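This report is written for a reader who meets the structure for the first time. Please keep the sequence and the model at hand while reading.

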2 protein chains.
Amino acid sequence: MKYDLLRNIIKDTERIIFGEEIDKKYLTDGLNLDYGEADVLVFVENGEEISNIIKFANENLIPITPRGAGTCLTGATIPNKKGIVLDLSKMNNILELDEENFNITVEPGVLLQDVQVYVEERGLFYPPDPGEKASTIGGNISTNAGGMRAVKYGVTRDYVRELEIVTGNGETITVGSKTIKNSSGLDLKDLVVGSEGTLGIITKATLKLIPKPKNTVNILISFEKLEDAIKSVSKIIKLNANPTAIEFMERNIVENSEKYLNLKLPSNIGNAYLILTFDGEEKEIILNYTNAKEAAINSGALDFKVLNENEAIDTWKIRGALASSVMEFNEQLPIDIVVPINKTSEFVEFTNKSGDKHDLQVIYFGHAGDGNTHVSIIRNGMEKVNWKKKSYDLAYELYIKSHELNGLPSGEHGIGLSKKEFFKNVTGEKELRYMKGLKAVFDKNNILNEGKVYC
Amino acid sequence: MKYDLLRNIIKDTERIIFGEEIDKKYLTDGLNLDYGEADVLVFVENGEEISNIIKFANENLIPITPRGAGTCLTGATIPNKKGIVLDLSKMNNILELDEENFNITVEPGVLLQDVQVYVEERGLFYPPDPGEKASTIGGNISTNAGGMRAVKYGVTRDYVRELEIVTGNGETITVGSKTIKNSSGLDLKDLVVGSEGTLGIITKATLKLIPKPKNTVNILISFEKLEDAIKSVSKIIKLNANPTAIEFMERNIVENSEKYLNLKLPSNIGNAYLILTFDGEEKEIILNYTNAKEAAINSGALDFKVLNENEAIDTWKIRGALASSVMEFNEQLPIDIVVPINKTSEFVEFTNKSGDKHDLQVIYFGHAGDGNTHVSIIRNGMEKVNWKKKSYDLAYELYIKSHELNGLPSGEHGIGLSKKEFFKNVTGEKELRYMKGLKAVFDKNNILNEGKVYC
């Protein structure tokens with residue numbers, strides 16, 4: 001049998017699982033909506049094993065689907081071409097903390113939450129903060145994950161200094177550097193960040209850290225309507241108030257979350273809210289949120305509430321559960337379109353009308369500071385095939401609209417399998433051809449995650 | 001004659017100059033040390049002309065050397081293979097300012113200083129601040145130029161949102177996006193940034209702006225020795241003091257500059273100095289520099305001087321003239337090695353000893369906040385061939401040393417022609433092969449800047 005030789009690479013029999021024996025959870029993503037098929041699931045422990053497996057796969061033209069914690073929302077971890085599922089979750093060691101240079105080196109299977117805790121215990125800080133804390137660093141890098149703190153600190157890309165990868169050709173290369181500046185040759189590192197496992201498998205990552213901010217203050221601002229809330233965002237940014245996060249949500253969506261958690265938002269005024277976070281020195285924070293208050297009031301804010309610790313916890317719990325409160329009894333199609341920040345209102349309004357037109361329940365909330373809106377199209381008991389068809393049609397309209405607004409199909413989740421068609425539709429034929437050309441350099445036999453993103 | 005068809009592309013005869021008629025300044029870089037040869041110099045005015053010239057060059061296998069203001073220090077603008085010199089300096093229009101999304105779109109030949117003035121007059125700020133303000137934005141992007149403000153704000157790469165380029169194959173493509181976040185397909189944009197004209201010619205660039213900081217304060221800190229100054233840098237960063245710039249320089253080098261400018265540094269205590277800049281709200285600045293002061297004093301600072309406006313101007317003039325004060329009557333080989341910040345002292349000490357060993361005058365100063373040290377090996381009246389040989393040998397030692405320290409040959413100038421050998425020496429064979437593979441996708445006939453950087 002063609003997979004027998006894998007036993008020479010992975011001696012430990014418990015780490016190779018064949019066909020029917022594979023737990024279904026390794027054939028899907030974080031949505032558990034669609035499942036692929038695989039011939040074999042391999043739990044790898046080091047870069048050498050990965051390189052040998054990729055060489056084996058090249059010799060036998062076997063597709064490989066890499067995965068970390070499998071929390072992705074786009075089908076990127078679904079084995080769509082059978083072959084090998086390569087699980088990196090056992091490569092979860094923190095290898096080195098370099099406090100003097102503010103670098104940490106980890107294996108790809110380390111969870112985001114473990115890195116965050118590890119560095120914060122030592123007075124340091126890893127700013128990227130995607131919603132799913134049980135995702136792996138390898139996955140975060142592969143999707144260029146964003147999250148709440150992107151307004152002030154940027155996204156995962158901005159915190160990746162150096163990567164060791166095994167390319168689709170089976171070669172181990174190092175990209176990027178441990179230095180802060182780098183003008184030395186082509187930037188292979190940023191090509192790998194966000195490439196969703198189509199170019200290579202990350203085997204080691206050096207991440208940039210910063211000193212841990214001393215204090216954090218959260219603020220809840222209420223508005224009569226979402227448009228006013230969004231308008232105030234540009235003003236807040238222009239005043240240099242430097243918030244860490246600016247999230248928006250609407251009352252009708254908040255209510256689902258309140259019921260689900262049996263909690264109350266610390267404000268029941270108005271129909272739209274902004275949650276702002278500030279971090280840094282106490283005096284600096286007060287200065288900044290005083291500026292933000294002025295901007296918010298000028299945009300028609302009804303209330304500006306500096307939250308105490310418990311109120312802040314409740315507010316973020318409610319924000320965190322906006323999607324899951326609806327998911328509990330429902331399936332959803334998650335969309336994470338990004339548009340220029342001043343187009344957010346227009347996009348949200350369009351989403352609202354489109355949901356009505358297609359008679360589908362749609363909830364939306366998101367990162368107002370960077371134009372990244374999360375839209376969930378809810379199944380709501382609808383017959384599955386019908387829901388899939390209808391939600392696809394609605395999603396298609398949203399992707400076209402975002403493209404008209406100079407937006408993109410994904411701000412932080414990636415394209416994976418489920419958005420591939422939309423992505424190809426709004427991306428130029430030439431640009432797609434260059435992406436495929438680059439893949440051929442890294443993965444000449446199309447072994448890695450073939451058929452996803454741009455492939 | 002094979003260039004005749006160029007007349008069909010560029011109708012304006014004044015914009016095509018042949019052979020002997022070409023002013024020598026278009027055959028060199030900012031150092032005016034080495035000169036290449038060109039068959040024709042073309043001043044282009046738009047992307048269509050560029051695309052047609054590149055297609056013509058592909059049909060006739062003619063090398064192209066692109067250039068902006070020609071201020072580069074690595075020979076990247078020297079036509080090393082004859083053929084066409086493509087000058088972009090006439091494409092110098094500011095195309096669009098989008099204040100709501102903090103974006104500005106410019107042509108590649110716009111000067112950095114013109115962008116800075118334009119946006120600052122409108123309450124906005126373009127943070128990258130390379131020393132050479134008369135460089136073009138296209139050149140800044142092509143070298144991923146760094147500069148003084150990188151400690152707080154990052155480098156050019158961090159402020160490039162979207163680029164329109166004509167690839168070496170003559171195709172016009174758009175890379176990156178006008179949005180803040182982007183997880184949509186391969187990151188072609190960052191591959192182009194820092195590629196030194198080897199992949200494509202930038203025809204349009206959308207840059208990220210931020211609100212203009214309200215205040216700026218400069219500080220001069222004196223130390224007995226450089227080692228203490230460098231040690232204090234990590235502490236200042238760890239205290240979250242958030243300086244915009246941290247520059248280091250030594251007394252013996254400062255003295256050249258003082259004489260040259262007939263100015264005095266506002267401190268004559270000690271042998272090593274840090275210049276710190278802070279920007280933002282007044283209270284925030286005071287808070288931050290009070291933290292920095294504590295860190296500096298703990299590292300043995302002899303003096304910590306908050307500079308008034310005139311003192312700040314003089315200090316930055318002296319810092320700015322460190323290289324040119326020696327260049328006036330001398331040629332120099334400039335090096336901009338970058339090492340992890342905690343290796344800066346070790347690298348500088350090694351540089352010092354190497355200069356003595358090779359009996360060459362070496363001056364160094366640099367960006368202490370990011371480990372980027374500028375070393376100038378000075379000709380000092382030495383016979384040219386001998387100086388070239390000796391300075392090459394010394395540079396070679398410095399590049400090897402920086403590689404041992406996990407550093408890189410260039411932090412901000414790029415590799416160009418003059419550092420190509422060193423770069424190839426310290427870069428893995430496989431990594432170089434991947435870079436060349438990527439070039440082949442963008443420039444199948446090796447038309448653009450062939451023989452430079454990694455080619």
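The following paragraphs treat the chains, the sheets, the helices and several single residues in turn.

**The model and its two copies**

The model is predicted. Chain B is superposed on chain A by a rotation of 180° with 0.0 Å of shift along the axis, and the RMSD is 0.0 Å. The two copies are thus related as by a two-fold rotation axis. Both copies use the same surface, since 100% of the contact residues of chain B recur in chain A.

**Two open sheets in chain B**

One open sheet of chain B consists of five strands in the order β5-β6-β10-β8-β9, with antiparallel pairing. Its edges are β5 (94-98) and β9 (172-176) of chain B; each has a single partner strand, so one side of each is left without a neighbour in the sheet. From one strand to the next, the twist averages 15°. Within this sheet, B:V166 has B:I201 in β10(B) as its bridge partner.

Another open sheet of chain B is built from seven strands, ordered β15-β12-β14-β13-β17-β18-β16, and here too the pairing is antiparallel. In β14(B), B:A272 stands opposite B:E250.

Two helices of chain B lie across strands of that chain. Helix α8 (residues 251-261) of chain B lies across β13, β14 and β17 (361-367) of chain B and runs at about 90° to β13(B). Helix α9 (residues 282-298) of chain B lies across β12 (215-223), β14 and β15 of chain B, and its direction is at about 155° to β14(B).

**Strand pairs compared**

| Strand | Partner strand | Sense | Bridges |
|---|---|---|---|
| β8 (residues 160-167) of chain B | β10 (residues 200-208) of chain B | antiparallel | seven bridges |
| β13 (residues 245-250) of chain B | β14 (residues 272-280) of chain B | antiparallel | six bridges |
| β1 (residues 16-18) of chain A | β2(A) | antiparallel | three bridges |
| β2(A) | β4 (residues 84-87) of chain A | parallel | four bridges |

A:V42 is the bridge partner of A:I16. A:F43, in turn, has A:D87 in β4(A) as its bridge partner.

**A helix pair in chain A**

The axes of helix α7 (residues 226-238) of chain A and helix α9 (residues 282-298) of chain A come within 8 Å and cross at roughly 145°. This crossing of α7(A) and α9(A) is right-handed. On the side of α7(A), the residues involved are A:S232, A:K235 and A:I236, which meet A:A292, A:A295, A:A296 and A:N298 in α9(A). By class, the contact comprises four nonpolar, two polar and one charged residues.

**Two buried residues in chain A**

A:L220 lies in strand β12 (residues 215-223) of chain A. Its relative accessibility is 0%, so A:L220 counts as buried. Beyond its neighbours within four places in sequence, A:L220 is in contact with several residues, including A:L265, A:Y273, A:F304 and A:T315. The C-alpha atoms of A:L220 and A:F248 are separated by 9.9 Å, and the two residues are 28 residues apart along the chain.

A:S391 belongs to helix α13 (residues 384-404) of chain A. With 3% relative accessibility, A:S391 counts as buried. Leaving aside neighbours within four places in sequence, A:S391 touches A:L333, A:L360 and A:I377.

**Residues with a positive phi**

Most residues other than glycine have a negative phi. A:F102 has a positive phi of about 60° although it is not a glycine. A:F102 is found in the loop between β5 (94-98) and β6 (103-106) of chain A, and at 6% relative accessibility A:F102 counts as buried.

B:N449 likewise is not a glycine and has a positive phi, of about 45°. B:N449 sits in the segment after α15 (429-442) of chain B. At 3% relative accessibility, B:N449 counts as buried.

Methods
Residues are numbered from 1 along each chain as its sequence is written. Chains are lettered from A and ligands numbered from 1 in the order in which they are written. This is a predicted model: local features need pLDDT of at least 70, side-chain atom pairs count only at pLDDT 80 or more; totals for chains, interfaces and linings use all residues. Side-chain values use heavy atoms; hydrogens and water are left out. Axes are lines fitted to C-alpha atoms, for helices over the stretch in contact, and angles run from 0 to 180 degrees between N-to-C directions. A crossing is left-handed if the near helix is turned anticlockwise from the far one by less than a right angle, and right-handed if clockwise. Contact means heavy atoms within 4.5 Å. Ala, Val, Leu, Ile, Met, Phe, Trp, Tyr, Cys and Pro count as nonpolar, Asp, Glu, Lys and Arg as charged, and the others, Gly among them, as polar. Buried means under 20% relative accessible area, exposed over 50%, partly exposed in between (1.4 Å probe, protein chains only). Copies are superposed by least squares on the C-alpha atoms of residues with pLDDT of at least 70 in both. Two strands pair if DSSP finds at least two bridges between them.
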